[in-house]
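The sequence and the model are shown first, and the notes follow.

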Amino acid sequence: MSSSPVAAFAPLRHPAFRALWIANLASNTGLWIQNTGAGWLMTSLDPSPVMVSLVQAAAMLPVFLFALPGGALADILDRRAILIAAQIWIAAAGLLLAVLAALGLLGAWGLLALTFAIGTGTAVIFPAWAAATPELVPQDDLVQAVALNGVGFNLARALGPALGGFVMAAAGPTAAFALNAVGFLALLWALVAWRRPVERRSQLPPERLPSAVRAGLRFATAVPAMRAAILRACAFFFFASAVWALMPLVIREVLGLGPAAFGAMLGVAGFGAVAAGTVLPMIRERLSQGRLVFFASLLAYAAMALLAVSRHWAPAALAVLIFGAAWLAAGSTLGAAAQMTAPAWVRARALGVYHLAFFGALAAGSLLWGWVGTRVGVPAALLICAGSGAIAAVAVRPWRLVNFAQDLAQRVKARRGEKAATLLPKAEDPASVLKELLHDDSGRVLEVVRYQVDPDDVDGFLAAMKHVREVRLRAGAAGWRLYRDLARPDCFTELWAVDSWTEYLRHTVRLDEVDRAALALVVEMHRGGQGPEASRHLNVEP
């Protein structure tokens, strides 16, 4: 793909992605309009600081509660159906909010309850929409498609509050709430029009929600590349949140400007994000994902420091422009790394964990830096945050943002060359007297594989086994261990377990060609005549 600015918008040439992106922009803009209207309306219904702050809490809390189970549902059920159901839920809550406001029947707690209901729907949408993006564009356009999603989010964040303020002033909260509902109806229409290819139905029973959630958590915490994306996202967004948390006070108290200037600054940040999205394809050709996030983080903290020392709107606007560009570059790259690390079977729930960490870091950072601002002043808080954020960026840099599948494919090819495929270890079929015990509630299944390795190959075997561990955990293993025989140091035993017999069968079908090549690599190092011995064991309670 060309690295010209036109390449930044290449994903929009795909009709399904283009339609859903435009509709998503409209719905996100409506959501920001609704949040602005809800916050302003609460100042009339109950002007206490606690109740006003609860509006934002009601919008963000559902992410902590429902992003992971929502992602699990999007993995085990039809993703398009989940998105449509969530849109219907949000549109219904938005319409009810508008009707109650128009009739004068909306109280403070009713406003919070319906805001929470809308937030619940968006918490389900975030991971499902992110997981659906790879289905809308080819692999070559995926990273830029994620960047365009970030551009759309930032555009909505810039336009929504400004439009919300205008609508509230011109027509009141009812119109603001109605616009939000219309925006989600537009996205609902686009989802209904999306003809998602029908997935091949598995012969295995569908995953249950609790086990699906556990599998998502295991994947996110066990796979280094996913763990790195989550940890680096937490490190970036925790400190970068200070700008969004303190910008209103910078505008009002430091620069002495009004709400119009605040809206303009948000627009400048959005313009910076759009500009970054345009040049990202050229930057990605020169920098790896990890280096791009690192330099974007440093750029964001430099912009934060500039904002802290600005006493005039011009340098402050420049700082916000740079910050918006750095925010988009780092955020979209981290999001793309998370998406490309997670295989299709676990993608939505893994991204649910990512979004939980993302919003958690934003919320925790906003609270902390707001508190620091009240103690030492807003400029000092921004300077402290910029310095500590730069230190954190250096500290987390060793966590590599590497797509496991691509990295493994390169390593396996380098080791194996063009060798023919090797047969993998196969355990004996289960005894007929035990087959009735093999089902979704069978209890944990343990597979044992024994290898005998030439002493000269031990180092290479152990290095290859690191990839085997990744393969097992990526495919859903609940645990993995490798043991060395103390009496026979050339003998090794691999143990890995899953929660049930059905999970064991799922594990085998989740392996792709690259996974099987990694397993074959260690089989080739076995020096026994018949290949490694494998056996399967069912947990038995005495």
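A residue is called buried when its relative accessible area is under 20%, and exposed when that area is over 50%. The model described here is predicted.

**Helix 13**

Helix 13 covers residues 378–396. Its 19 residues should span 27 Å at 1.5 Å a residue, and this agrees with the 26 Å between its end C-alpha atoms. The buried residues of helix 13 are Val 378, Ala 381, Leu 382, Cys 385, Ala 386, Gly 389, Ala 392, Ala 393 and Val 396. They lie on the same side of helix 13, because they cover an arc of only 135 degrees around the axis. An α-helix has 3.6 residues a turn, so residues three or four places apart point the same way. Ile 391, Val 394 and Ala 395 are exposed, on the face of helix 13 turned away from the buried side. The partners of the buried residues are helix 8 (224–254), helix 10 (289–309) and helix 12 (347–376).

**Cysteines and Asn 24**

The whole structure has 0 disulfides. For Cys 385, the nearest cysteine sulfur is that of Cys 234, 15 Å away.

| Residue | Relative accessibility |
|---|---|
| Cys 385 | 0% |
| Cys 491 | 12% |
| Asn 24 | 12% |

Asn 24 is placed in helix 1 (residues 15–45). Leaving aside residues up to four places away in sequence, Asn 24 touches Trp 129 and Leu 187. Asn 24 and Cys 234 are 210 residues apart along the chain, with 25 Å between their C-alpha atoms.

Note on methods
Residues are numbered from 1 along each chain as its sequence is written. This is a predicted model: local features need pLDDT of at least 70, side-chain atom pairs count only at pLDDT 80 or more; totals for chains, interfaces and linings use all residues. Side-chain values use heavy atoms; hydrogens and water are left out. A disulfide is a pair of cysteine sulfur atoms within 2.5 Å. Buried means under 20% relative accessible area, exposed over 50%, partly exposed in between (1.4 Å probe, protein chains only). Helices (H or I, at least four residues) and strands (E, at least two) are DSSP runs, numbered from the N terminus. Contact means heavy atoms within 4.5 Å. The expected span of a helix is 1.5 Å times one less than its number of residues. The arc is that of the directions from the helix axis to the C-beta atoms.
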